[in-house]
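Subject: Structure handover

Hello,

Please find the structure below. My notes on what was found in it follow.

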Amino acid sequence: MTYRIEIVPIDSLHSHEQVIPERIAKVTEIINREQCVDIPVVVDEESRVILDGHHRYNTLKNLGAKKVPALLINYFDDSLITVEARPESGLASITKKEIIDMGLSDKVFKPKTTRHKLKFTVEKINVPLAD
């Protein structure tokens, strides 16, 4: 399997979806209370496009974090991760290439356009905010 958890510069990552302000507020509350991040942001290891964790990423960025815990994954390995368009997105389907292309552009999809499913369990981590 090709994946690993690393602490990466926050500015090296690229979003492919907008976020929901109410969800940012909730995630900010949780991270401020816990003073740590316990779930890494899921990121394509090659392009550094965020696949899952846009709200955690944006919360950390808003809090002034310089780095973020990331689960770096070989996105095009279907034995590790799959993707589908959420019904509410209005899209019949979506490809991994479309997601990477969007993340590398200056545009983003609407919030909750995609649903990624990891084919393995990610253990919780405990990365203090100061790191």
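Which strands does helix α2 lie across? Helix α2 (residues 54–62) lies across β3, β4 and β5, and runs at about 120° to β4. Helices (H or I, at least four residues) and strands (E, at least two) are DSSP runs numbered from the N terminus. Axes are lines fitted to C-alpha atoms, for helices over the stretch in contact, with angles from 0 to 180 degrees between N-to-C directions; contact means heavy atoms within 4.5 Å.

The model is predicted: local features need pLDDT of at least 70 and side-chain atom pairs count only at pLDDT 80 or more, while totals for chains, interfaces and linings use all residues. Residues are numbered from 1 along each chain as its sequence is written, and side-chain values use heavy atoms, with hydrogens and water left out.

The sheet

An open sheet of 4 strands has mixed pairing and the order β1-β5-β3-β4. Two strands pair if DSSP finds at least two bridges between them. At the edges stand β1 and β4 (50–52), each with a single partner strand, so one side of each has no neighbour in the sheet. On average, neighbouring strands of this sheet are turned by 45° against each other, direction ignored. Strand β3 (residues 41–44) pairs with strand β5 (residues 67–73) in the parallel sense over 4 bridges. D44 stands opposite I73 in β5.

The cores

A nonpolar core is a set of buried Ala, Val, Leu, Ile, Met, Phe, Trp, Tyr and Cys residues joined through side-chain atoms within 4.5 Å. Buried means under 20% relative accessible area, exposed over 50%, and partly exposed in between (1.4 Å probe, protein chains only). The largest such core has 16 residues, and V42, L51, I73, Y75, I81, I94 and I99 have the most contacts inside it. At least two of its residues come from each of β5, β6 (81–85) and α3 (96–103). Another core, of 15 residues, lies apart from it and includes L13, V27, L60 and A70.

The rings

The whole structure holds 2 aromatic pairs, meaning Phe, Tyr or Trp rings (six-membered ring for Trp) with centres within 6.5 Å; planes under 30 degrees apart count as stacked, over 60 as edge-to-face, the rest as tilted. The rings of Y3 and F120 are stacked, because their centres are 3.9 Å apart and their planes at 10°. Y3 is in strand β1 (residues 3–9) and F120 is in the loop between β7 (114–118) and β8 (127–128), 117 residues apart. Y3 is partly exposed at 33% relative accessibility, whereas F120 is buried at 13%.

Regards
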